[in-house]
Amino acid sequence: MSPSVRLQEMIRVIRGARTQGEERGVIQRECAAIRAQFRQADNGTRSHNLAKLLYVHMLGYPAHFGQMECVRLIASPRYNEKRVGYLGAMMLLDEKQDASLLITNSIKNDLSHNSQYVQSLALCTLACMGSAEMCRDLAPEIDRLLRASNSYIKKKAALCAVHIVRKVPDLGELFTPAARSLLCEKNHGVLHGAVVLITELCERNPDTLEQFRKVVPELVQIMKGLVMSGYSPEHNVAGISDPFLQVRILRLLRILGRNNDTASDAMNDLLAQVATNTDSSKTAGSAVLYETVLTVMDIKSESGLRVLAVNILGRFLLNNDRNIRYISMTSLQKIVQTDHNAVQRHRGTIVDCLKDQDASVKRRALELSLALVSAVNIRSLMKELLLFLSSCPPELRAHTTSGIFNAAERYAPSQRWHIDTILHVLTTAGGDVRDETVPNLIQLITTATELHCYTVHKLYRALITDISVQSLVQVACWCIGEYGDLLLRGECEETEPVQVTEDDVLDALETVLQSHMSSPATRGFALTATMKLSTRITHNVDRIRSIVSIYGSCIDVELQQRAVEYNALFKKYDHMRAAVLERMPVIDKSSPGHTNGESAGGIKELEQTKLTQEVVLPKDPGNQVCDLLDLLGGSGEPVPSSGLSHTVPGPATSTSGGDLLDLLGGLDVSPAPPSVKVYEKNGVTLKLQTDSQTDTGMTITLTATNSTDGDITSLTLQAAVPKSVQLQMKAPSGDVIPARGLGLVTQTVLLNNPNKVSLKMRVRVCYSSQGAVCQDTVQIDSFPSPAW
Amino acid sequence: MMRFLLLFSRQGKLRLQKWFTPIPEREKKKIVRDMTTMVLARKPRSCNFLHWKDLKIVYKRYASLYFCCGLDAEENELIALEMLHRYVELLDKYFGNVCELDIIFNFEKAYFILDEFLLGGEIQETSKQVVSRAIEASDMLQEVRCCPVGTDLRSVFPSS
């Protein structure tokens, strides 16, 4: 009796279980039995018990208690036990389990086993679940097997080496020489393994890639042999000789030829040959052609070859097989940026694929169509896209609408077309558009001034047809509110005008207001539009008044607030109503957060600032008195300005130090900053100098000097200016003026005069001199001109 | 490389799972659930290729079984279809008119055949005959009960 019947018996029993609970019961019993068996000594049934456990594991039940059994079985001398043990290791152990380390030694031993089938088991397991540790340990063994074994083992060793390189990239160098020599093998399995190994090595190490470029001619030869060879029964698939190997070689050639002219040249002929001679009626041939196309597009191929490749993709687009259409479109998507014109030639077929039944194909076709939009084909392509939108699957709608909007924005041939397109999208798929669509559309409408009449007519018609699409309703309400007068006029150049009365229009808006389908935001739009109409219609203002007052007690707070404000506009501010509700200016797209209305169209240009060299003096200072802010208390009269210099400071009055700076000699303009003495008393002198001046302000510096024999201490300066002028005093350089002119104190004052009143300043000076506190006020009516 | 290969029935029952990268048990279960849901939801005449996370999924239905594999992004989907087909052909040759029940009751054989065809997520042998011969030889080896350690089996069963 073959013990495996017991396994099959168990499977039969499990499958016979009618409920989940029954199945669980059976499995629990079996697992208990298996556990008991594992604990016993070797009785020849271990492998079958493990097999049973593996079946249970596949059903999703826990089987971790079998891990040690796997380790034991792997170490067994019997082949059947080893086989199941290794299978168990691959299913139950992975590099994260501790038990996996225990099999390293067994694998090592089995790699040198006499039987190639045992070696094969070890190689297979190592390649499936070998950890980095195990790989490092066993790499030399693998290298040995790569060189000195039969082809059965060599091919497995090659793929095992691939796994090792993936786990421990540094070990790549170890395998490079062996990989090179493997290319001379005739056995397809070994060749395939060698090509995979070389591909992996080249992808990870640029130096190795450089090395292997030299084998391009050899690879070309091998490929040629495959393509040109007659029917070989052993490797033939649908007329193609070993398509698996061909595809791998083509992929390796792609990596070697990338960014390298010599290598690319060497493979040009071959690629052309493969492209023309491969029969693509079956999948195998198409797979080879597909890989060829990918290689041609990726290397530095000649333009003729590239055109051939794109044409192959174009042919694929017409293929009956859906898979081939799909991959053709994915490839075209990759190259649409670089070879745009070539792909454009196939636009018709791509657009037809929008009508395909398959969702994946549709998606690809949509992506590609959007990438192919250009100024030349925008009209026809948009027609197709809009047609697609009306029948496209729901998961693609949002993507389609945003794609359409982007394309329309970039390539719209006219504003009317742009508006029509957006309206069409809103009517078809208004629920799937982005939030910014409504403000963007409104902004677009305001800029298209000649089309206001047309737009409002279209939107009115859309509104009376259907009020369920919120975005469309919002834009329609806004337009009717804004351009309702154009609608009521009953004439329009661009489209058939509607004959509506004011009541009809108000009916439409009220329907929106009252409908349960309208969102709160939409109702807000409708209410505001109704209000705006009060200045654009003539007869039904009372109706509007009553609508607005009803909503003054609406439960929605936003609507209520609006209604109350509009009510107030009717009642108390009726004189302002027309101005408030007048036509909006064109909204500037770049202004952040389009605020309604107040952004007065365009910023006024700043007037040319003229640098005035002279301050025009008032002829009679007395008139200016009432402007001065009396900060300093006391007298409201201006301090008599006899002590001050009144004259217009010109170049002639430049003071000391100016000549030294007269670098420009001979010019009229004095280079020296003129400074004016504004106060002189008790040995303390205060001078004023203008540092810079614009027509809305100036910067001056006050300088205090001391000619007495004693220091002046606690110096403070205060200043007052007329009401509309702003004053800022910087920190003084100090508050002590050394005696006998040995030092000075300076303080900078900034004056801002936006209303350009005549500048005057009152300065109060306080200081202590020789023990006595002194305080004085001076008035400055004129300021010297600045240094330049 | 191929990341995983799954075989499941029309009711979503798993018949074979082969993982070529180390993945925690929990995540394996999630992937199986995702694959079965995605593939079983596909309409009959759809394209055989899907996108899932960063992998390409290629699947094909053979009678009552779905063969589903997950590939790296740079793999050739059409050749993957051919790979799945080759595996089915090998099973068919071995079992003779293979059906789902054969794979259920002899799942370990299905694994052994797979291990002669793919290794580490890559194809190891492109010839059908070589693979079939290797399986036959291994089976015969299994029948030989007491082989002492060190017997040169190559003298008994020559390598293909």
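Reader: Which ring does the charged end of A:Arg35 sit over?

Author: That of A:Phe65, with the charged end 4.7 Å from the ring centre. Keep in mind that this is a predicted model.

Reader: And where does the charged end of A:Arg83 sit?

Author: Over the ring of B:Phe112, 4.0 Å from its centre.

Reader: Now the rings themselves. What describes a pair of aromatic rings?

Author: Two things: how far apart the centres are, and the angle of the planes. Counted over all chains, there are eleven aromatic pairs here. Take A:Tyr55 and B:Phe107: their centres are 5.6 Å apart with 50° between the planes, a tilted pair.

Reader: Which elements do A:Tyr55 and B:Phe107 lie in?

Author: A:Tyr55 is in helix H3 of chain A (residues 46–58), while B:Phe107 belongs to helix H4 of chain B (residues 107–117), so this pair joins two chains.

Reader: Are A:Tyr55 and B:Phe107 buried or exposed?

Author: Both A:Tyr55 and B:Phe107 are buried. There's a cluster to look at too: ring pairs link A:Tyr55 and B:Phe107 with B:Tyr111.

Reader: What about B:Phe4 and B:Trp19, how do I read their planes?

Author: Planes under 30 degrees apart would be stacked and over 60 edge-to-face. B:Phe4 and B:Trp19 have planes at 45° and centres 5.4 Å apart, so call the pair tilted.

Reader: What does the pair of B:Phe4 and B:Trp19 tie together?

Author: B:Phe4 lies in strand S1 (residues 2–9) and B:Trp19 in strand S2 (residues 14–19), both of chain B, so the pair ties together parts 15 residues apart in sequence. B:Phe4 and B:Trp19 are both buried.

Terms used
Residues are numbered from 1 along each chain as its sequence is written. Chains are lettered from A and ligands numbered from 1 in the order in which they are written. This is a predicted model: local features need pLDDT of at least 70, side-chain atom pairs count only at pLDDT 80 or more; totals for chains, interfaces and linings use all residues. Side-chain values use heavy atoms; hydrogens and water are left out. Rings of Phe, Tyr and Trp (its six-membered ring) pair if their centres lie within 6.5 Å; planes under 30 degrees apart count as stacked, over 60 as edge-to-face and the rest as tilted. Helices (H or I, at least four residues) and strands (E, at least two) are DSSP runs, numbered from the N terminus. Buried means under 20% relative accessible area, exposed over 50%, partly exposed in between (1.4 Å probe, protein chains only). A charge sits over a ring if NZ of Lys or CZ of Arg is within 6 Å of the ring centre and within 35 degrees of the ring normal.
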